[in-house]
Amino acid sequence: MSVNFRVQLYCLLLMLSALKGEGRYLQENEVTAEGLFSLLNSEVKRESSTDFIYRRPLRCLDMLSVEGQFIFSADRPQLNCAAYFIAEPGEVISVEFSAVDIDCRRGDFLKVFDGWFLKGEKFPSNEDHPLPLPERYVDYCDTGMPRRVVRSSQNVAMIFFRVHSPESGFTITVRKLINPFPCNIISQTREGSFTMVIPHQRTNCSFSIIYPVEIQIEELSLGRLGSNDAPVKRSVPGCGGTGDFVELLGGNGVDTAKMFPVADICYSLKGPAQLKVGCDNAVMRLVSSGKFINRVTFQYRPLDHHELQKLKGNDVEDFCFIE
């Protein structure tokens, strides 16, 4: 994976987007790409005792993968700050405000976004999220509530905030809750396996892997009769009219609506169906009409250097490599 994308996704340094999609840049954070990338893996894992609460200060630019209480206190004006939360695929995130001491009349703000904004793109996309875009924001200054709990729809969420006065700040408590039907997931790991299930719902679910990967579909059930040896269709329209299908997308951003369709499958099959995608981001996307119980099981692993070089040699696209 390119260093630039690692910085963009895990450390979220390049661009933050506010409520109306306006770009905000973080310009005064002196950190290396390696240091930013290690931020996710450096978190202290929560102890098994239910009485233990992990606590630490919240940074102006932060990435959190653990439950706990995080306190932000400004030592100087902090005008472009964000913290990004990520949980396990089968979890959603709860964010609770408390001890909020900011001056909304002066231009301070504290907002929660249901998903991630990165470099002008959002995950999940408007097409895949159950809520319209304005309802994905909760603005503390609009609610004025001293305590407020916001729950995400998927395993990622974020806050962005601005604080002008030194010693002003707030406390957030982050918890993870079980999600019985995970949908729209960003993977924390380079390899693994997962099963997405959509039970009689008209919705789309995506599983995003932020590495060039090989994906192998083990089983696909679309709730209707189909062929076990149905061919994989590569970048060919046709499945959209069926209402129920799985597609593999590739690209260098996080918004599935802006990604390149690598392949789609319209029929149930009992794998394996295997594809390699050399893009910075690969997405398995399950589209459901709501008439059936749809299910896809797949494995993924990162491509090594030799495999990436081979894909580049066969490349017919400018921005990523497919085999």
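Visitor: Which residue of β13 is the bridge partner of Ile86?
Guide: Within β13, Ile86 is partnered by Val156. The model is predicted: local features need pLDDT of at least 70, side-chain atom pairs count only at pLDDT 80 or more, and totals for chains, interfaces and linings use all residues. Residues are numbered from 1 along each chain as its sequence is written, and side-chain values use heavy atoms, with hydrogens and water left out.

Visitor: What makes β6 and β13 a pair of strands?
Guide: A strand is a DSSP run of E with at least two residues, numbered from the N terminus. Two strands pair if DSSP finds at least two bridges between them. β6 (residues 78–86) and β13 are joined by seven bridges and run antiparallel, so they count as a pair.

Visitor: Why are β4 and β11 called edge strands?
Guide: The open sheet they belong to has five strands in the order β4-β6-β13-β8-β11, with mixed pairing. β4 (61–64) and β11 (137–139) each have a single partner strand, so one side of each has no neighbour in the sheet. Neighbouring strands here are turned by 15 degrees against each other on average, direction ignored; the axes behind that angle are lines fitted to C-alpha atoms, and angles run from 0 to 180 degrees between N-to-C directions.

Visitor: Which strands make up the sheet that contains β14, and in what order?
Guide: That open sheet has five strands with mixed pairing, ordered β3-β5-β14-β7-β12. Its edges are β3 (55–57) and β12 (148–151), which pair on one side only.

Visitor: How many residues of β7 are buried?
Guide: Of the 11 residues in β7 (residues 91–101), nine are buried, and the strand is mostly covered.

Visitor: Why is Asn294 called buried?
Guide: Buried means under 20% relative accessible area, exposed over 50%, and partly exposed in between (1.4 Å probe, protein chains only). Asn294 stands at 0%, so it counts as buried. This residue lies in β24 (residues 293–302).

Visitor: What makes the link between Asn294 and Asp244 a polar contact?
Guide: The term requires a pair of N or O atoms within 3.5 Å; within protein, one must be able to donate a hydrogen and the other to accept it, and residues adjacent in sequence count only if both atoms are side-chain atoms. The side chains of Asn294 and Asp244 are joined at 2.7 Å, and that of Asn294 also contacts the side chain of Ser288 at 3.1 Å.

Visitor: Is Asn155 buried or exposed?
Guide: With a relative accessible area of 1%, Asn155 is buried. Its place is the loop between β12 and β13 (156–163). A polar atom of the Asn155 side chain lies 3.0 Å from the backbone oxygen of Ile186.

Visitor: Why is Glu167 called exposed?
Guide: Its relative accessibility is 68%, so Glu167 counts as exposed. Glu167 sits in the loop between β13 and β14 and has a phi near 75 degrees, a positive value in a residue other than glycine.

Visitor: What makes such backbone values worth noting?
Guide: Most residues other than glycine have a negative phi, and most peptide bonds are trans. His200 has a positive phi of about 55 degrees and lies in the loop between β16 (192–199) and β17 (202–209). Phe123 and Pro124 are joined by a cis peptide bond, with omega about -10 degrees.

Visitor: What makes a space in this structure a cavity?
Guide: On a 1 Å grid over the protein atoms alone, a cavity is a set of points where a 1.4 Å probe fits but cannot get out; lining residues have an atom within 4 Å of a point. Five cavities of 30 Å³ or more are present. The largest has a volume of about 90 Å³ and is lined by 13 residues, with Ile217, Leu248, Ala263, Ile265 and Leu275 nearest its centre. β18 (213–221), β20 (245–251), β21 (260–265) and β22 (269–277) each supply at least two lining residues.

Notes: 1 Å grid on protein atoms, 1.4 Å probe; cavity = no way out; pocket = protein on both sides within 12 Å on 5 of 7 lines; lining within 4 Å. Points joined across faces, edges and corners; volume = space filled by probe spheres on them. Helix = DSSP H or I, 4+ residues; strand = E, 2+ residues; numbered from the N terminus.
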